[in-house]
Amino acid sequence: MPKLKIVTFGCQANELDSARIAGVLAREGYTLTEDEAEADLVILNGCSIREKAEQKLFSRLGTLQTLKGENPGLRLGVAGCLAQREGSELLRRFPYLDFVVGNGEHLAEIPQLLRITPTRPAATRPPVGLFPEDADVHRDSRFRAWVGIMEGCDNFCSFCVVPFTRGRERSRRPEDILREVLLLRERGYREVTLLGQTVNSYGKKLDPPVTFAGLLRRIDAAVGGDVRVRFTTSFPMDVTAELAEAMAELPSVCEHIHLPVQSGSTRTLDRMRRTYTREEYLGKVTLLRSAVADLAVTTDIIVGFPGETDDDFAETLSLMERVGFDGCFAFKFSARSRTPAAEMPDQIPGEVSAERLKRVLELQAHLSLERNRRAIGRAAEVLVDRELDRRDSGLGAGRTRQNKIVHFRGGEVVEGGLASVEITDATPYHLKGVLIASS
């Protein structure tokens with residue numbers, strides 16, 4: 001049987017796309033391998049949001065050129081946002097590439113692309129559809145699963161390529177999502193994460209429209225307390241009272257939201273075209289925390305956006321302190337072609353951005369430790385996941401409903417099972433505890 005190696009660079013959406021690619025090619029007889037040297041086909045699935053992810057993929061392509069020289073029968077492909085953005089240019093730059101394939105419905109075309117020889121095809125038309133409902137998805141985990149509910153974005157933030165690489169916003173039908181979630185429950189999955197570029201914008205274009213909160217209620221009614229439900233990533237202006245109420249009331253929905261702010265300065269937010277002010281973002285957080293007990297809020301922050309002054313950056317730090325984020329993914333601004341921000345004046349020097357990033361990360365470590373210490377002395381429900389700590393066989397590991405990692409001792413546990421753990425200590429990055437009981 002032919003062997004397939006997929007290397008993923010990027011976010012959860014890229015991970016889900018890799019699972020889709022593996023499922024599509026399993027129907028063609030491919031089995032997965034971790035060893036590139038024994039692979040018949042290697043696909044690099046790459047993000048295009050930041051330059052660093054692209055450079056990692058290009059570097060990996062360089063090593064694969066050597067491998068292909070040793071094994072002329074090896075076939076190489078690039079998929080995902082990078083392929084969607086660059087298209088045939090990748091085939092020109094890397095003449096040993098066999099094909100490139102973009103996002104959405106194009107992923108299901110890979111078997112056909114492999115049959116096109118000697119032409120080196122590029123399936124990178126603007127994506128307008130969704131991954132086919134009848135196509136398989138390969139699941140690495142036996143108890144956690146990504147479930148895509150929508151694709152694309154209509155917001156056109158000035159720094160972002162998503163509307164160009166993943167297309168305009170489009171949603172799956174709720175009955176198709178429910179069917180997938182129920183099948184996962186039947187197969188023993190304990191947690192699903194609903195994915196979308198702006199996941200809480202779900203359903204606006206369906207006929208009839210469906211709100212994201214309405215979808216959560218339908219999923220909760222179907223799975224009850226058998227399955228944890230998470231979702232990411234949310235857009236601040238689509239946080240509603242209806243969503244806050246659903247998160248508070250539905251037992252399946254976890255007490256965590258990832259809500260990217262990007263900047264604490266209204267002036268910078270306006271230049272980013274984020275469509276909300278500092279005050280409006282703070283209002284959304286207040287709405288959520290007033291409704292949902294023990295809610296964890298995590299965020300994304302960009303430092304060094306063009307024109308960001310010292311005062312603008314100070315407002316970002318002050319917003320971080322005011323919200324008290326549980327966690328933060330912080331990045332230096334990365335200029336992306338085709339975006340307005342790439343052409344803006346007053347680009348920030350790299351050394352200034354690096355210093356600002358350092359300060360954000362230091363502050364967030366302090367805030368995370370402060371938030372995590374609040375859990376000491378409490379019991380937490382932990383979904384056991386040994387992948388989170390392989391270094392010490394005597395440790396159990398997993399995530400709380402607030403998506404916090406816990407390392408604990410005190411007895412045998414089953415991966416994919418639920419454990420009640422008393423939290424005894426905290427670091428900025430994880431909690432420590434002792435097992436009380438497991439199921």
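**Loops, strands and helices**

Analyst: Thr-233 lies in the loop between strand S11 (228-232) and H9. Helices (DSSP runs of H or I, at least four residues) and strands (runs of E, at least two) are numbered from the N terminus.

User: Before we go on, what sort of model is this?

Analyst: It is predicted, so to speak of a local feature takes pLDDT of at least 70, side-chain atom pairs count only at pLDDT 80 or more, and totals for chains, interfaces and linings use all residues. Residues are numbered from 1 along each chain as its sequence is written, and side-chain values use heavy atoms, with hydrogens and water left out.

User: OK, back to Thr-233. Is the peptide bond from Thr-232 to Thr-233 cis or trans?

Analyst: The bond joining Thr-232 to Thr-233 is cis, and its omega is near 0°. A cis bond is also found from Thr-117 to Pro-118, again with omega near 0°.

User: Where does Pro-118 sit?

Analyst: Pro-118 is in the loop that runs between helix H5 (110-114) and strand S6 (122-123).

User: And what is the phi of Phe-156?

Analyst: Phe-156 has a phi of about 55°, which is positive although the residue is not a glycine. Phe-156 is placed in the loop between S8 and helix H6 (162-165).

User: Switching to strands. Which strands make up the closed barrel?

Analyst: The closed barrel has five strands in the order S15-S16-S17-S19-S18, and the pairing is mixed. Going from one strand to the next, the twist averages 50°. Two strands count as paired if DSSP finds at least two bridges between them.

User: How many bridges join S15 to S18?

Analyst: Five bridges join strand S15 (residues 379-384) to strand S18 (residues 418-426), and the two run antiparallel. Within that pairing, the residue of S18 that stands opposite Glu-381 is Ser-420.

User: How do S18 and S19 pair, parallel or antiparallel?

Analyst: Antiparallel: S18 and strand S19 (residues 431-438) are paired over seven bridges. They form a hairpin, with four residues between the two strands.

User: What is the bridge partner of Ala-426 in S19?

Analyst: Leu-431 in S19 is the bridge partner of Ala-426.

User: And the partner of Ala-419 in S19?

Analyst: Ala-419 is bridged to Ser-438 in S19.

User: Now helices. At what angle do H9 and H11 pack?

Analyst: Helix H9 (residues 241-249) packs against helix H11 (residues 278-291) at about 30°, and the axes are 8 Å apart. Axes are lines fitted to C-alpha atoms, for helices over the stretch in contact, and angles run from 0 to 180 degrees between N-to-C directions.

User: Does that make H9 and H11 roughly parallel or oblique to each other, and what are the cut-offs?

Analyst: H9 and H11 are therefore roughly parallel to each other. Angles under 35 degrees count as roughly parallel, over 145 as roughly antiparallel, 65 to 115 as roughly perpendicular, and the rest as oblique.

User: What about H8 and H9, how do their axes cross?

Analyst: Helix H8 (residues 212-223) crosses H9 at roughly 20°, with the two axes coming within 8 Å. That makes H8 roughly parallel to H9.

User: So what is on either side of the loop with Thr-233?

Analyst: Strand S11 (228-232) and H9, and H9 is the helix that packs with H11 at about 30°.
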